[in-house]
Amino acid sequence: MNALQEFCENLWAAPRRILDTALRSGAPKTDRTRSTFVFGNVFLHLHAVRTHRWSLRWTTTLGLGIASAAATLIAVVSGVLLMFYYKPYPEAAYQSIKDIHFVVPTGRFIRNIHRWSANVMVVTVIAHMARAFYTASYRKPREFNWLIGMGLLVTTLGLSFTGYLLPWDQLAYWAITIGANIAQSPREVTDALGATDYFDPGGLQKLLLLGSDTVGAEALIRFYLFHVMLLPMVLAALMSVHFWRIRKDGGLSRPADADERLGPSKDVYPVFTDTPAKTYQLAAIVRGRTPAVGKGPENTVPSMPHLFYAELAVTMLTLFVCLALAIAFDAPLKELANPNIPENPAKAPWYFLGLQELVAFTAFMGGIGIPAIVLIGLGLIPYLDREKAGSGEWFGGPGGWPLVQRSLAIGLASALIVESLVIRYGWIREWFPSTPQLVVTLINPGTLLTAIYAAYSLWLVQRYQSSRAGALGLFTCFLCGFVVLTVIGTYFRGPNWVFYWSPSDWPKH
Amino acid sequence: MNSETKHSRLEPELMPRRDVLGMASLWAAGSAFMFALFGIARLPKAAVLASPSKKFRVTLPETLPASGAFVPPGRNVSISRDSEGVHAVSLVCTHLGCIVNTSSDGFECPCHGSRFDRNGAVTRGPAPQPLPWLKVTGSGNEVVVDEGATVPSGTKV
């Protein structure tokens, strides 16, 4: 064989060899190559090599975590595409969104996808959090991953909020004005204490957010920076840790008797023919339950293809939902921002309307105080509930589903009663107009509702002698409060934030 | 000395003598990064605010009614004139910065329903402060209003 012949053969074989070297260990056809396919790949190795069968039941997770990750991916791709044409400068921004909508090929579709994937992301992140809570998946050793998840929730909401300003239309301008003034609202307290001249965290927050004292070009470029650079970087970092910790914390949570409940399967066989005396050298320095020493990963199946195909299916479904919504509903664009005439009513995106309902009672407690209390409360749940019973079970724990049903009733009823009393009879300032501001700030329908929920939860702890029961009640109540306030803010608030049964009752301009 | 046999590479001595220099350089590096952080934190707080001039000159219309308010185009200020003189009330809601509308008995905010009387005092809703009165200079129909300077309620020129 001469050199020229060999050259031709190598040329012919080059594509196959490129693929071989990319995969490092060949096609994933045997148990061994399926393992190396996962741990030999920098992206895939965030997953474990083998997945427990319990994790693959669709009722375990409902696929919500992967759906939110998929929505994130869709939002990133569509967002990067929008950056080809978007110009972050007042008026130019508005015109460029109009260009994207009316002129750019597929621009309108891509913008709709971006908006809907952001909405899907918010919904799935909240639903995923509820799933993790109701299956008690935050428990040891997964406490810290619950905190990372909360960071992801806050980052997701931050991305939505910063994206809201970018079109520079009326909706955007007034939502950001309100948002920036919520950042300034600690002044409500410092003013009442007469301390604003020496200590003004509110003013500083607004200044840092807007880069000026009004919403203008500086604010737009800052929100753009947050939206396309800083928050996505935070999101990517937190997501990587979140996924990695699932693997390091021993996969998804499952009931102690998961193996018996699953029963035998022809897909499962002992991974090690002999029980290994010594699994990994690393076992000397890794503490805790990973890697398992002395027994094989029983009742597991290779992640490639079982887990990855399931993830791909959920991703396709998410993509389908985003595309269908994007085809059916256009992303809104109002008139060019006008700093002299607010929208009436000026409404934030739907997932912030519960907050807007709260800030209509008091800016500081509604916009900063109560959200901070809720976040701290949620973050403490894994560190206060140290019980073991019911982990990995839907509504596991004392009382279970009946307790959640009762909490749903109490949470909905108390939110509806407080809201309807306020709508019908007003609040302190309407009865005693000279009430000091500090009293209005501290005692208002929002704080009252928070106190009712907290008291109910403590009562549950005492009644069931279980902190899990208290957590179940509290989380359910807060979900109820969120839903009630959001629905009222979305459908029943009209001009001047007055209650109307239907938009057809709104006064004509 | 059997103390040397107690420690292994996996469970070393708590702080070997020779590591002091190493720790010192670690702390030095740490404080250098902290110092850099001050610089990073200082940058986003602007020293000069890029906002348009807050002072403006306005000619009041002759036919301004005794109790009526005049809102110069493009400005969020309500100017009134009565027998005691001219005064200007800011139209920026003290709650969350929306622009209030003038109503028959004062001002009302479209965003969260705060109401104010004719002098800017809060009558209902979430607003924590009354609408500020702004500094007015000049006389007759030619006045200069400074949106950046407030005066006590009731000051008329």
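Predicted model: local features only at pLDDT ≥ 70, side-chain atom pairs only at ≥ 80, totals over all residues.
The interface between the two chains comprises 31 residues of chain B in contact with 37 residues of chain A. About 2,600 Å² is buried between chain B and chain A, with carbon and sulfur atoms contributing 56% of this area. Of the area that chain B buries against chain A, 21% is supplied by Leu96(B), Pro110(B) and His112(B), a share that exceeds that of any other three residues.

Polar and charged interactions were also examined. Between chain B and chain A, 13 residue pairs are in polar contact, with both residues at pLDDT 80 or more. Two salt bridges are counted between chain B and chain A. The side chain of Arg124(B) forms a salt bridge with that of Glu430(A), at an N to O distance of 3.9 Å. On the side of chain B that touches chain A, strand β8 (residues 122-124) of chain B gives the most, with three residues. The residues on this side of chain B comprise 15 nonpolar, eleven polar and five charged residues.

Within chain A, Thr72(A) is placed in helix α5, which spans residues 64-82. Thr72(A) is classed as buried because its relative accessibility is 8%, below the 20% limit for that class. A polar atom of the Thr72(A) side chain lies 2.6 Å from the backbone oxygen of Ser68(A). When residues up to four places away in sequence are not counted, Thr72(A) touches Met121(A), Leu235(A) and Met239(A).

Notes: Residues numbered from 1 in each chain as written. Chains lettered and ligands numbered in written order. Heavy atoms only, no water. Helix = DSSP H or I, 4+ residues; strand = E, 2+ residues; numbered from the N terminus. Buried < 20%, exposed > 50% of the residue type's maximum accessible area, 1.4 Å probe, protein only. Polar contact = N/O pair within 3.5 Å; in protein donor to acceptor, adjacent residues only side chain to side chain. Contact = heavy atoms within 4.5 Å. Buried area = accessible area lost by both parts, 1.4 Å probe. Salt bridge = Lys/Arg side-chain N within 4 Å of Asp/Glu carboxyl O. Nonpolar A, V, L, I, M, F, W, Y, C, P; charged D, E, K, R; others polar.
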